[in-house]
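Please look over the two chains shown here before reading on. The report that follows takes up a few places in them, one after another.

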Amino acid sequence: MLTKRIIPCLDIKDGRTVKGVNFVDLRDAGDPVELAEIYSRSGADELVFLDISATEEKRKTLAELVRKVAAKVNIPFTVGGGISSVEDVDILLQNGADKVAINSSAVKNPQLINELSAKFGRQCIVVAIDAKQVNGKWLVHLVGGKVPTEIDLFEWAKEVEERGAGEILFTSMDNDGTKAGFANEALQKLSNELTIPIIASGGAGNIQHFCDAFTKGKADAALAASVFHFKEIEIKDLKEEMRKERIEVRL
Amino acid sequence: MKIVIIDYGAGNIQSIKFALERLGYEGILSSDAQEIKNADKVIFPGVGEASSAMRKLKSTGLDTLIPKLNQPVLGICLGMQLMCNWTEEGDTTGLGIFDVDVVHFEKKLKVPHIGWNRITDLKTPLFKDIQENEYVYLVHSFYAPVCKETIAKCDYGVEYSSALKKDNFYGVQFHPEKSSDAGERILKNFLDL
């Protein structure tokens, strides 16, 4: 059986980890490569690096980081943040990234999904969708959730699947940062309506939340940042609990 | 030991090169026929779409070179699929090394098959010191059914070939370079053949 995946997410700015990490065994808490190695050893199934820097040097710095991570880490990783062209993706994959995540650029130019999928294969194209409920409707938001659109989450998800996305990374902005659990109803609806894997994001606060995302939300993978960075949840403990709940997991 | 990774523009070969480095070996990326022939071990990678990958192999003559190689050859993912007779992806004729046709997963399953899954019925020294039910990382939408050349199986709605072997040719559907320590061990086993 295919296992459910646990994915720590690292926010990167100018080649360094930001938003704080609290690892006593780290020499340098800002070094994404060192953090990636620790996560890979502690049982993470995959990693996501989200680049939030906006400098002109960004592309070069990110490519260098990807190369360093690929040299050290023997599990798959995805890179996202400001990717908007075939050329951007080509550079990241050539340096050793396994997948890329696109978000706002896909909404602005949906044809980009088709182009990337045709050139690199759908398996390495993750479309990230940020959404929140407005008057009972799940609406897609852009630029890290700051800019609302009129686009319906479920319609957009269906469209990106048809255009060639290999996976969907769904972040519920209503849940993100609350530590009150994932958006399981929306997750389940996505999972039932789509035939590509769904990664749940936003709301992880305890181990039960992850279990619920898989059992109630029918997610294929769950992503979180701070609960792992601040060691509120150890991946090993999480996976042992998942196994007790009869969720397929790599231990 | 001279290890050549066949370079035909097929996606994520940097990861394989890095995995070899972690094991203490250097992998040379090459599309040169003489260099490939002279290698002790040949790795045939592949990520992407089958018909366009096959066109690239044909345009460089690698399609006739690869089946004639005598040293151990390891096809990875699409590389393994292209070593089969035929693949449903783009209705593509393969290199005909493994006597099996590659087909698409049933539509009722989530495809691509992405993530970690168990490998079973492990045969040959490629899986030396690898436990039955070990987890490996996979990303694919097409699969080779179980056949007489199967040396490892995986179950995703259907039991299929996770690895194949014929003579000096090996193929793995999973990504050893991304399958944590077990994957690195399998790569090491290949280098030790």
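## A buried charge in chain B

In this predicted model, B:E89 is buried and yet has no salt bridge. The nearest side chain of opposite charge belongs to A:R122, and it is 9.3 Å away, whereas a salt bridge as counted here needs a side-chain nitrogen of Lys or Arg within 4 Å of a carboxyl oxygen of Asp or Glu.

## Where the two chains meet

How many residues of chain A are in contact with chain B? There are 40 residues of chain A in contact with 28 residues of chain B. The size of an interface is often given as the accessible area lost when the parts come together. For chain A and chain B the buried area is about 2600 Å², and carbon and sulfur atoms give 52% of it. Of the area that chain A buries against chain B, A:L2, A:N74 and A:Q123 supply 26%, which is more than any other three residues.

The rule finds two salt bridges across the interface of chain A and chain B. A salt bridge is formed by the side chains of A:D98 and B:K178, with a distance of 2.9 Å from N to O. On the side of chain A that touches chain B, the elements that give two or more residues are helix 2 (58–72) and helix 3 (86–94) of chain A, and helix 2 gives the most, with four residues. By type, the residues on that side of chain A divide into 17 nonpolar, nine polar and 14 charged.

## Backbone features in the loops

Which residues of chain B are joined by a cis peptide bond? The bond joins B:V111 and B:P112, and its omega is about 5 degrees. B:P112 is placed in the loop between strand 7 (98–104) and strand 8 (113–119) of chain B.

A positive phi in a residue other than glycine is found at A:N135, where the value is near 50 degrees. A:N135 sits in the loop between strand 6 (125–134) and strand 7 (137–142) of chain A, and it counts as exposed because its relative accessibility is 79%, the limit for that class being over 50%. In chain B, the phi of B:D121 is likewise positive and near 50 degrees, again in a residue other than glycine. B:D121 lies in the loop between strand 8 and strand 9 (134–140) of chain B, and with a relative accessibility of 35% it counts as partly exposed.

## A proline in strand 10 of chain B

B:P145 belongs to strand 10 of chain B, which covers residues 142–145. Is B:P145 buried or partly exposed? Its relative accessible area is 27%, so B:P145 is partly exposed, since buried would require under 20%.

Apart from its neighbours within four places in sequence, B:P145 is in contact with B:V100, B:D101 and B:V103, as well as with B:T150 and B:S161. B:P145 and B:I3 are 142 residues apart in sequence, and their C-alpha atoms are 29 Å apart in space.

Note on methods
Residues numbered from 1 in each chain as written. Chains lettered and ligands numbered in written order. Predicted model: local features only at pLDDT ≥ 70, side-chain atom pairs only at ≥ 80, totals over all residues. Heavy atoms only, no water. Contact = heavy atoms within 4.5 Å. Buried area = accessible area lost by both parts, 1.4 Å probe. Nonpolar A, V, L, I, M, F, W, Y, C, P; charged D, E, K, R; others polar. Buried < 20%, exposed > 50% of the residue type's maximum accessible area, 1.4 Å probe, protein only. Lys, Arg positive; Asp, Glu negative; His and termini not counted.
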